[in-house]
Amino acid sequence: MTDGPTTHLTHLYTDVDTGALKERQYRLVIVAGPDKGIDCALDGTTMLGTHENNDIVLTDDTVSRYHLELQVRRDGLRIKDLETTNGTHHGGARVESITVREATRIRLGKNSTIEIIPTETDVRLGTYTETKLGSVIGSSQPMRALFALLNRVATTDVTILLEGETGSGKEIIAEAIHEASNRSSKELAVVDCAALPKNLIGSELFGHVRGAFTGADSDKKGLIEVADGGTLFLDEIGELDIDLQPQLLRVLEKREVRRVGETKSRPVNIRIIAATHRNLKQMVKDRTFREDLYYRLAVVRAVVPPLRERREDIPLLAHHFADILGAGFELSPTLVSELSAHNWPGNVRELRNVVERALSLGRAGRTPSADDLVTPAQPVASLPRATTATPVHGENVLELPFKEAKGQLIEAFERDYLSQLLERHKGNISRAANAAGIDRNYIHRLVKKYGIKVDRG
């Protein structure tokens with residue numbers, strides 16, 4: 001395992017009822033035995049026993065030299081007996097290892113009793129004064145609230161679930177969290193759960209050993225291992241097949257991974273960020289998503305607002321996209337009004353495409369109007385044949401290098417063909433794939449690539 005970065009062990013979580021960010025801390029009090037009265041906060045790993053090398057040294061001679069290990073984890077406080085002579089008891093029964101979240105009493109040896117006391121406090125996020133977090137842009141109140149939350153949790157190892165519509169910028173937000181974390185010098189491994197076929201996702205995520213299956217000619221490190229010491233981003237986690245969810249749950253619980261075809265597990269030090277456009281709570285009710293996996297992922301929930309709910313960000317975003325695309329255009333008050341009135345079903349991704357189209361029109365000597373920007377591309381049936389005179393984004397193809405012209409023509413065809421195909425089949429990706437004779441995962445990739453809004457249900 002790669003030595004991971006040192007992170008601040010703050011135990012943050014989102015309250016399931018109120019959505020408020022809370023912080024959980026643990027305190028240990030010795031309530032019986034010769035060391036009664038010891039009271040201390042717990043963080044990280046704490047060792048108890050009679051040997052002087054322990055964090056808490058006890059004088060009870062019925063307690064072993066190294067008796068108990070207390071470890072504050074994402075899912076609670078793990079209490080582990082260290083193969084002691086007189087044992088560790090909870091509720092009258094001897095235990096080897098348990099994880100608790102509530103107030104708990106534990107007896108060590110024959111005479112000493114400790115009480116674990118959790119405390120919970122509301123986290124005051126304050127006001128975020130910047131207009132960006134990493135490469136994410138926004139000055140509206142919903143975005144400032146999101147930035148304040150993410151800025152608070154970025155430097156911890158807490159697992160985050162990003163919820164938001166397709167095209168709302170969840171992946172770039174995950175990148176911003178990673179860059180703001182103590183893991184930024186390590187890898188950010190991205191897994192698109194919607195794009196990976198079921199028969200390959202196990203190998204891609206977990207890796208495999210040579211000979212594990214036909215074609216496995218050598219050992220392969222999976223993306224979870226690639227992210228060791230860094231961050232694993234699970235995009236469109238709602239698309240992960242339910243048969244694969246237990247394996248991912250094991251990674252979350254144990255922080256270990258077992259390659260396909262291997263009998264031993266490998267420890268990994270990763271921070272996990274997941275994203276979805278689906279309602280995972282409803283999927284849990286429908287039994288298409290595991291409840292235990294959902295709660296492991298949604299330790300901190302962050303809702304990414306759609307562009308129509310933060311229209312005041314549109315001029316800022318439009319100028320930002322123009323700058324990074326290497327040009328600019330004048331945003332008249334009328335144009336700003338028209339852009340702000342648009343519903344933006346494709347969210348920020350659609351706005352970027354619109355700005356790119358505007359720049360193309362500008363290079364072609366035209367001043368873009370609101371109709372130019374928000375009117376969808378021509379349907380595929382009306383596209384001209386790809387002759388030498390065919391314009392591509394306002395340019396003649398002969399003015400472009402062959403590879404670039406070919407790429408733009410293919411993209412135009414894919415976008416328009418797919419839009420009409422999905423419209424014909426009322427957004428049903430399976431029926432559309434069967435009609436077109438292509439794999440449904442390929443359609444998922446194109447839908448994401450072009451920001452086409454469909455009902456994947």
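**Group meeting: a walk through the predicted model**

Let's start at one glycine. Setting aside neighbours within four places in sequence, G49 is in contact with N54, I56, V57, L58, V63, S64, R65 and H67. Keep in mind that this is a predicted model. G49 sits in strand β4, which covers residues 45–49. Is G49 buried or exposed? G49 has a relative accessible area of 0%, so G49 is buried. One distance for this residue: G49 and D60 are eleven residues apart in sequence, and their C-alpha atoms are 8.7 Å apart in space.

Stay on the strand. T45 is also found in β4. Here the relative accessible area is 39%, so T45 counts as partly exposed. What does T45 touch, not counting residues up to four places away in sequence? The list is D55, E69, L70 and Q71. Take Q71 from that list. T45 and Q71 are 26 residues apart in sequence, yet C-alpha to C-alpha the gap is 4.4 Å.

Now the whole protein. How many helices and strands are there? The protein has 14 helices and 25 strands. It has 457 residues, and buried residues make up 47% of them. Next, contacts between residues at least 6 apart in sequence. Of those, 61% join residues at least 24 apart.

On to the helices. Helix α1 runs over residues 141–153, which is 13 residues. Which residues of α1 are buried? They are M143, L146, F147, A148, L149, L150 and V153. An α-helix has 3.6 residues a turn, so residues three or four places apart point the same way. Within the list, M143, L146 and L150 are among the buried residues of α1.

Next, two backbone angles to look at. W344 has phi near 50 degrees, a positive value in a residue other than glycine. Where is W344 found? W344 is in the loop between α9 (333–341) and α10 (347–363). W344 counts as buried because its relative accessibility is 0%.

The second one is N347. Its phi is near 60 degrees, again positive in a residue other than glycine. N347 lies in helix α10. N347 has a relative accessible area of 0%, so N347 is buried.

Last stop: a helix pair. Helix α13 covers residues 429–436, and helix α14 covers residues 440–450. Their axes come within 9 Å and cross at roughly 115 degrees. That makes α13 roughly perpendicular to α14. Which hand does the crossing of α13 and α14 have? The crossing is right-handed. From α13, the contact uses I429, S430, A432 and A433. From α14, it uses R440, I443 and H444. By type, the residues of this contact divide into four nonpolar, two polar and one charged.

To recap. The crossing of α13 and α14 is right-handed. Thanks, over to you.

Terms used
Residues numbered from 1 in each chain as written. Predicted model: local features only at pLDDT ≥ 70, side-chain atom pairs only at ≥ 80, totals over all residues. Heavy atoms only, no water. Axes fitted to C-alpha atoms, helices over the stretch in contact; angles between N-to-C directions. Helix = DSSP H or I, 4+ residues; strand = E, 2+ residues; numbered from the N terminus. Parallel < 35°, antiparallel > 145°, perpendicular 65-115°, else oblique. Left-handed = near helix turned anticlockwise from the far one by under 90°. Contact = heavy atoms within 4.5 Å. Nonpolar A, V, L, I, M, F, W, Y, C, P; charged D, E, K, R; others polar. Expected span 1.5 Å × (residues − 1). Buried < 20%, exposed > 50% of the residue type's maximum accessible area, 1.4 Å probe, protein only.
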